[in-house]
Amino acid sequence: MYKLMLSFMFFSLFTSSVSASNNEHNEVLDSFHQAASEANFDKYMSLLAQDAIYLGTDSGERWNKNEFSAFVMPYFNQGKGWLYVPIERNVTPTQASNIVFFDELLENKNYGRCRGTGLLIKTPQGWKILQYNLSIPVPNAIASEVVESIKVYRKTHK
């Protein structure tokens with residue numbers, strides 16, 4: 001219950017500052033994050049296009065919708081969701097009126113500041129997430145240290 005109330009407060013604060021021109025796009029992304037925080041499997045997966053791709057923070061995490069569904073289901077079945085609170089979001093239209101790009105900065109209690117990027121596509125059922133890429137932005141000042149740590153990790157975990 002606490003998690004639900006906390007997520008509602010965060011989403012209320014965020015959505016009140018979002019521009020009205022992108023309401024449909026923002027609603028899809030906000031609903032995606034809200035459904036994840038509630039471990040609402042059906043709602044979460046319904047926001048992905050049928051041919052969606054989800055890219056996670058690990059280089060091995062590239063899933064189509066069915067694969068991502070299989071990854072998410074055990075967590076959500078246990079009532080374990082995740083909360084990514086949008087801090088800032090940009091939605092960029094394309095020449096194809098049925099596709100927009102988005103990027104958003106997010107806050108998560110385990111991963112800290114994250115970035116979500118991707119595409120939304122207009123379908124007969126409304127806007128859906130065609131691609132979502134979750135990443136952890138690395139400050140340039142420590143990038144070389146992080147890269148070195150990744151190299152060491154990969155060598156020892158083959």
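Buried means under 20% relative accessible area, exposed over 50%, and partly exposed in between, with a 1.4 Å probe and protein chains only. By that rule His 25 is buried, at 10% relative accessibility. This is a predicted model: local features need pLDDT of at least 70, side-chain atom pairs count only at pLDDT 80 or more, and totals for chains, interfaces and linings use all residues. Residues are numbered from 1 along each chain as its sequence is written, and side-chain values use heavy atoms, leaving out hydrogens and water.

- His 25 sits in helix α2, residues 23-37 (helices are DSSP runs of H or I, at least four residues; strands are runs of E, at least two; both are numbered from the N terminus).
- Beyond residues up to four places away in sequence, His 25 touches Val 91, Val 100, Leu 120 and Trp 127 (contact means heavy atoms within 4.5 Å).
- Ser 69 belongs to helix α4, residues 65-77.
- Ser 69 is buried too, with a relative accessible area of 16%.

**Second largest pocket**

- The second largest pocket holds about 410 Å³ of space.
- Its lining has 15 residues, and Thr 57, Asp 58, Ser 59, Ile 150 and Arg 154 are the closest to its centre (on a 1 Å grid over the protein atoms alone, a pocket is an open set of points where a 1.4 Å probe fits, with protein on both sides within 12 Å along at least five of seven lines; lining residues have an atom within 4 Å of a point).
- Elements giving two or more residues to this lining are β6 (126-135) and α5 (143-156).
- The largest share, four residues, comes from α5.

Definitions and conventions:
Points joined across faces, edges and corners; volume = space filled by probe spheres on them.
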